[in-house]
Structure formats: structure tokens, C-alpha cells
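Okay, everyone, thanks for coming. Let's have the model up on the screen before I start talking.

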Amino acid sequence: MHSSFALIVALWSASAIAHQSSQPDRKLDIVVLDPSRKPVPGAAVVVRGETGVTSSLITAADGRAALENPAGPNLLVSISREGFEAVENYPVTLSASGSTQIEITLAPNLQRKEQVDVRATADELNQNSSGSQVATSAARELPSRPATVGDALPLIPGVIRSPQGALTISGSGEHRSALIVNSADVTDPATGQFGTTVPIDSVETLNVYQTPFLAEYGRFTAGLVSVETRRGTDNWKWEINDPFPDFRIRSDHLRGLMDATPRLNLEGPLIPDKLFFSEGFEYEMRKVPVITLPFPENQEITQGINSFSQFDYIVSPTQLITAAVHVAPQQMQNVNMNAFNPESTVPDASVHNETATLADKLTVRQGDLFENTLSYTRFSAGVWAHGIEDLVITPEGNSGNYFAQQQRTSSRAGWLSTYSLHPVRTFGVHNVKVGGYLAGSSEDARIVERPFGIFDTSGNLLQQVSFTPGSPVHKADTEMSFFGQDHWVLSSRLAVDTGLRAESQALTDTLRLAPRVGIAWTPFAEAGTVIRAGIGLFYDRVPLNVFGFPHYPSQVVTTYNAAGQVVPGPIDYVNMLGQVDPNNPFVIHGRTPGNFSPQSTTWTLQMEQPLFRVLKLRASYMQNDGTGLVMLNPLAPPPGSALGSMLLTGNGQSSYRQLEVTARIRLQGDRQQLFLSYVRSRAQGDLNDFNNYLGSFPAPVIRPNQFGNLPSDLPNRVLMWGLLHFPYKIQLAPIAEWRSGFPYLVTNAAQAYVGAPYQQRYPNFLSIDARISKDVKINKHTVGSQ
């Protein structure tokens, strides 16, 4: 890494000296004004030449920006500034020599959109440089008909969905990632899970960052999902998507509904030019069959509603206030059913999550931006079995009823405040941003677990597990974080991001420092090549259920030999929190049980290359090494004792490697889009992640921890999807996926590992599907049909 950065700096220095030695013979002067003819400072100006070479500028205090020796006489100029409508692809023809001046007036119109377009320029090194964006307008037309953000995430190369339906990002469960909606943290404080995500019709931009090196982002070790929602339009409109259900046909007979996902989107002005409203509402009912079980006792059923409402009030041309409410109650039946766990052995659940946010954006002085976001998130969950029979576990399949039930409520109130300074021109252009975050969270829960037995194929009892009564969980926590970052544009071909983030979590009694640095370089201006690299530390918050674990029911394990005699036991495993010894120079630990600091050291190297006007390639390599992860370890009692422990420790490790090649094809603007990607990856780590046993649907058997392939390890994955438009408003949305099979466990009758875990795999998977649809207008409103 050191030699690579040295080479980058040396090449940039040589190119800078060569550039300074040439004298400009043409110049483009740009003046940006508001409707009152006042200059607009701090506007981002992007100039694109005929050859595809792009240059980026920032307007000064007088609203001016100048570009010497633009590439080609015919240019396209795009200008954007917070608080104004963006100007896209304004055509300019340069004079043969000398200076050409243009004057562009921006119309005031504050928007909720904060998207930064991904362009082949060095000075746009930001979170998008290492992120992947989902084209939601195309994604919602796919055969799978993604209705929420969570449904659309597997369209990202580094995101997969496990056979149990859980999301994994960078080889890790979603509890190691963060989800922010309009800058507000909306993850469950008790489990770290995402819950029911925002309706896809309410989304303006959806990005997944596996390596976001900006210091403003934190509270994750695997990835960040960032969602920006849509503002209401200037005119009232509504649309209905997927109004018709799908029916299940078996043996030429109608067997009820298979799924129904009607969605309503309504938006418009409540007060013209001042107050805007948008609403995304969906009803979801899905019945997913488990083909290895007999019909009709093989259906996982999900039913619920999902509503996202947003109000945007333009106080003035420099101030916007946004309020949003997200409500999503959901009922689930037969969760995690499979060939070994039929309907009677799996739980049902009821989950509710509600989020309310209030955000204020104020532009002052010469373009300084203050942003304040208040948020409140509440999760509640109930999980119960189909009966009260003890769970029976055998090698041929399980019977009885699910062993655990819980009632849980958690909440978080947060305040995020940031200040973005106007661009400062000192040895280049500096874009400085600082901010802080304060949040209080709490959890109240009651966990009840019933006995289960492990039997061999002959029906002999090998192990009986009972539970002592637990006690109610009441936990409260406080989080604080501060960050400072500088996006330093040294030239039109080189930019550097540096930043430092400090985080603290009261229950862990830790202070964590996260330095980060990133660089973007355009070595060949004419070719449009962009090379990006970065490295940083990332810390995950520790969910509240970790600290509630000592209150959970503890296991009492009795083991039997072939003659039915007890050997040894019974053993009482007490639930305990471990303690980490301070050995990290970037973390200050207090000496208290649960002083965990899950962290990852992540670095990436990426190259983007436009081959043609319609095709862009991106190749990247990422390495994520996790340490200090929270694991659950069963510890046997010392000789002569019958008291063991279930110990939560903070010494887990993980390793993720990813090589990605992505191609994006765009024709006729964005009307025709195709995305093709290949990912070669490897995911390894400690297997006893706490979430397997403390989440909403815990596993009953706790094996000794081992390091090996993770259940999400997929060496190869090829993904293609897109949206094609044809005459008569007909759309074709194809999707194809080929990947390696998921790994699976091999265990003996006593449920112990046989050989190294997760070495065997299911067969490779291939799926090809397509959806043809046509929009039908009814009374000037649009209804989508297929």
C-alpha cells in the first residue's frame, strides 16, 4: 500500500508540473446567479468535453468559476447547489481562442435529494466512490417486484439473501451493518436488525457502501445502507403499482392467493411552492412454499402494511424543514421453516416498527450549511410457538414445538447535527464538514425458553436441555459521536479525503477513534480513467440484547450415554458477560464486563474506466478484517464442578475478501439500463456470532465456537438485471443470477460438528426470469399492470 500511494503521488506531481508549463489558449468563464442576479457561491460545476473528459469546479464568492484549456469546443455544463434546481447538460460552444463567458441563473427550489452523481472525476471522491447505487425505478419493475428497500438490496453485487431470508452485506449479517434514512439511524437498538424497510416507491436514491471512508458515517463494521426519500411534486399525482394478486395453481386447480403487493403512491403540494406531501403505502401478503415439505403445510406467510409519509416545508430559499413518519406492522407465520423443521417446530411472530424524523437544513453566509435531524425509532416484537410440546431434535428431522418465546420493545431517540463549511481555497479546495450525534436507547424484554431433547435415529435420548427461569430485561444506553472530515481537491485530477471519528457507548464504557483516508486520481485525462483507494477503521455499536443476556434463561444440560446413564451432569450453564483486555491504541476501554468494541479494518482499491459512451466498467478489490466481535462460547465446568458458563466475549474475528467487476450499460439516457456484475469472494470467521442465539429467532443448540467458512460464503456470483423500453409503453425487465451453492453443516446425532464446518455446499444455483409490463392511464393517472 505504501509503494502504491508513493507511485500515485509521484505521477500526480509529474503531471501537475507538465500541466503548469503549458500556456492556456482558451478559457471558459462561468457566472452563476440567483433570480435576483446575486452571485451563488459554492455551486458545484461539472464540465464535460466531447472526449468524455470531465472537470469539476466550485464557484467563488462572486459566483464565478473558470476553466482553462477545456477539452474540445463543444461542452456540456452541469451546475448544482443546495437550495436550487440543478442545471443539467447546458450546451456551450467555445470560441476558437480567448475567453468564452456564460451566465447561468439557478431557480430556487430546495429538495430532499442529496445524491452526488458518480462521475469519472478525481475530485468527486466521496461515499459514492466506493458505493453501489440501485436504480429503484428499474428495480421495482423486476419479476421479484421488490416492494421495500430490503427487497431491492440483493441487486447489489456485495449483498445476498440467505436461504432463511436474512440479508448479508460483505459476508456478515445485517446486525453488523447500518441503515440510515434521510441521515437518521433506523436500526433496531436491541438486535441491530433493519426491520421492515421503507417502501421502494418512496425512495429517491438507494446506496450501499461497503467502504465509506467519510468520517461522518459510523456504527457499522460490514456496510452502510443509505436511503434518501422523495419529496412531493409541484402537481398532485398518484399511481398504483401491482394492483392485481397472483394466484396459486396446483394440478390445474386454483389453490388461493400466492401473493399480493398493491402499492399506492400519492404526492403533491399542500401549499403551492411552500409545503409538499408524499405518501408511499403498500399492503403485502406473500406465501412462500418450502418445496421439500408437503402442501399446504409448507407455506411461510408474511402479511402487513408499510406506510411512509413525508412533509417538506420551504421556509425560505435557504431553509428546508422535513418531517417524516414510517409505520410498518407485520405478521409472520412459520418462520425459518425447512425440510428438517416442519410447521409445528417453527415460530410465528408479530413485529412493529415506527420511526418519526424532523430535519432542518439551513444555508447561511457564503454557502455554509447547518443540518439538524431529530429522530425517534421504536421496535416491538412478539415471538411464540405453535404449542407447548417440548422440541425434539433428531438427525432425520425435528418435531414438537419451538422452544423459545419473547416479548420485546426497544426504542431510540437521536439528534444528529452537522456543519458544512463553504469551500475554502487554500492549496486547492477544501470542503470541511464536522458534526456530532447523541442518542439514548432502551430495551424492555421478557424471554421464556422451554426444554428440548436431542435423540438419535433409534429414539435414544442423547441430551436433555432445560432452562432456569430468566428475569425481565431492562436496559438503557447512551451513545455519542463526533467527526471531522476534509474533502481536499488538490487539482482537477486528484482529491484526498481525510477524517477522524470518535464514538462512545455508555454500556461498553469505551471511547473509540476511527481515522480514515481515501484518494482518487485520474491518471489519464483523455481516457477518463479513475483510480480510487482508501483505508479506515470502523466500529459497530453493541446491541442492547447483549447486555440483557445475563437475564435470559440459562441452560441446564444433561447428557446420556448409550446405556441411558447420565454422564456427566446435569450441568448448569450460567449466562455471563466477558471482559476485554485493553490492547488497542485506538480504543480506550473501561474495566467492566461487556466493554466490547467490535471493529473492522477495511481497505479497497478500485478502478473505473468508461469504454464507450454507453458502457462503464468498474473493477475493485476489498479486504475487511473484523476483530473484537461479540461471540457466545459455552465453557465446560472445571473438574469436580457442575457449574459451567455461557460466556459472551469480545474476541471474535472475521475475514472477508471481495473482487468485483461491474459493467453498466445505458442507452437513450436512462430508458434502457443493464447491469452486469461478477463477484469473487471469501467469507470466514468465528461461527458463534451472538445474533444466532440472542436474536428474535434463536437457535436451540449452542456448539463450541470454531473459526471457518461462514454460512454466507459464496465464492462466485454473476448477476444481470435491467429495464428495457419498447414501443407502446411496453417494458421488459430481465434478471438472471448464477452463483455457487450455499455451504451447509454436517453434524452427528448429538448435533456436534463432523469435520470442519461449512465445507460442503449445495449445488450451484441458476435463475433466469423476466417480466413484461405496460402502464395504463386511467383518468390521467397511471396504473401499472403485467
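I'll walk through some strand pairings.

First, the caveats: this is a predicted model, so to speak of a local feature we need pLDDT of at least 70, side-chain atom pairs count only at pLDDT 80 or more, and totals for chains, interfaces and linings use all residues. Residues are numbered from 1 along each chain as its sequence is written, and side-chain values use heavy atoms, with hydrogens and water left out.

Terms, quickly: strands are DSSP runs of E with at least two residues, numbered from the N terminus, and two of them pair if DSSP finds at least two bridges between them.

Okay, the open sheet. Its three strands come in the order β4-β1-β7, with mixed pairing. β4 (64–68) and β7 (98–105) sit at the edges with a single partner strand each, so one side of each has no neighbour in the sheet. On average, neighbouring strands here are turned by 20 degrees against each other, direction ignored; the axes behind that are lines fitted to C-alpha atoms, and angles run from 0 to 180 degrees between N-to-C directions.

Within that sheet, β1 (residues 26–33) runs parallel to β7, with eight bridges. Look for L28, which has T100 of β7 opposite.

Now further along the chain numbering. β38 (residues 599–612) and β39 (residues 615–635) are antiparallel, joined by 13 bridges, and they make a hairpin with two residues between them. T604 faces M622 in β39.

And who else does β39 pair with? That's β40 (residues 643–667), antiparallel again, over 18 bridges. There, R618 has T662 in β40 as its bridge partner.

Technical notes:
Helix = DSSP H or I, 4+ residues; strand = E, 2+ residues; numbered from the N terminus.
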